[in-house]
Amino acid sequence: MNKFITLVFILLIQGCVQKSDTELSQLIVGTWSYNYDSGSYGFIEYTDNGDKCEMNFSFGESGNLSINLYWNKWQVEDSIIKSKVHASTVSVMEKGYVIHDKVIEINSNVLTVDMIVPEGNFKTEYHQKSKYSESGKVCSIVKMHLKRALR
């Protein structure tokens, strides 16, 4: 009985051990979808070469569709996804704009983060892994449109 309790205790402790930045980076790579309470929906793709691309769709008060595109460079440091805007369709997020998301939970299906930079009253973000997305598709669409806009 003591061996069983010891084994259960060891397994619980291992489950609480924080993942390394390398492990987090490997789990983050892929396409994630989200749906915010504000009526905003989207996809974020993290690539293993450091691109983070996002397509955000939202409906204004009048019901008009707004589409925003973001192309960032990302890396994980101290369990924080640190990204810097490379290009964006949003005027306040110019090239060089910095975003830091603290990883709260991550596994093969769920990514939960809290935005800590810039400072503000942001809600926790819940992302679901998109298992059927074609790898590289979100980034290819975002880059194509942003490169046209930058000309």
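Glutamate 77 is partly exposed, at 32% relative accessibility. Its salt-bridge partner is lysine 82, and their closest N and O atoms are 3.0 Å apart. Lysine 82 is also partly exposed, because its relative accessibility of 22% falls between the 20% and 50% cut-offs. The model is predicted, and these values are computed from it.

Why can such side chains pair at all? Side chains of opposite charge can do so when their charged atoms come close.

The whole structure holds 4 salt bridges. Two of them involve aspartate 51. Take lysine 73 as a partner: the closest N and O atoms are 2.6 Å apart. This pair links distant parts of the chain, with aspartate 51 in strand 3 (residues 51–59) and lysine 73 in strand 4, 22 residues apart. Is aspartate 51 buried or exposed? Aspartate 51 counts as buried, because its relative accessibility is 2%, under the 20% limit. Lysine 73 counts as partly exposed, at 37%.

Now turn to lysine 143. Its side chain meets that of aspartate 51 in a salt bridge of 2.5 Å, N to O. Aspartate 51 lies in strand 3, while lysine 143 lies in helix 3 (residues 137–150), so this bridge ties together parts that are 92 residues apart in sequence.

Return to the bridge between lysine 82 and glutamate 77, at 3.0 Å. Elsewhere, shared partners join Asp51, Lys73 and Lys143 into one network of salt bridges.

Next come the aromatic rings. The structure holds 2 aromatic pairs. Tyrosine 34 and tyrosine 36 form a stacked pair, with 4.5 Å centre to centre and 20° between the planes. The pair counts as stacked because its angle of 20° is under 30 degrees. Tyrosine 34 is buried, with a relative accessible area of 4%. Tyrosine 36 is partly exposed, with a relative accessible area of 24%.

Which geometry do tyrosine 46 and tryptophan 74 adopt? They form an edge-to-face pair, 5.1 Å centre to centre, with 80° between the planes. This pair links distant parts of the chain: tyrosine 46 sits in strand 2 (residues 40–46) and tryptophan 74 in strand 4 (residues 65–77), 28 residues apart. Both tyrosine 46 and tryptophan 74 are buried.

Definitions and conventions: Residues are numbered from 1 along each chain as its sequence is written. This is a predicted model: local features need pLDDT of at least 70, side-chain atom pairs count only at pLDDT 80 or more; totals for chains, interfaces and linings use all residues. Side-chain values use heavy atoms; hydrogens and water are left out. Rings of Phe, Tyr and Trp (its six-membered ring) pair if their centres lie within 6.5 Å; planes under 30 degrees apart count as stacked, over 60 as edge-to-face and the rest as tilted. Buried means under 20% relative accessible area, exposed over 50%, partly exposed in between (1.4 Å probe, protein chains only). Helices (H or I, at least four residues) and strands (E, at least two) are DSSP runs, numbered from the N terminus.
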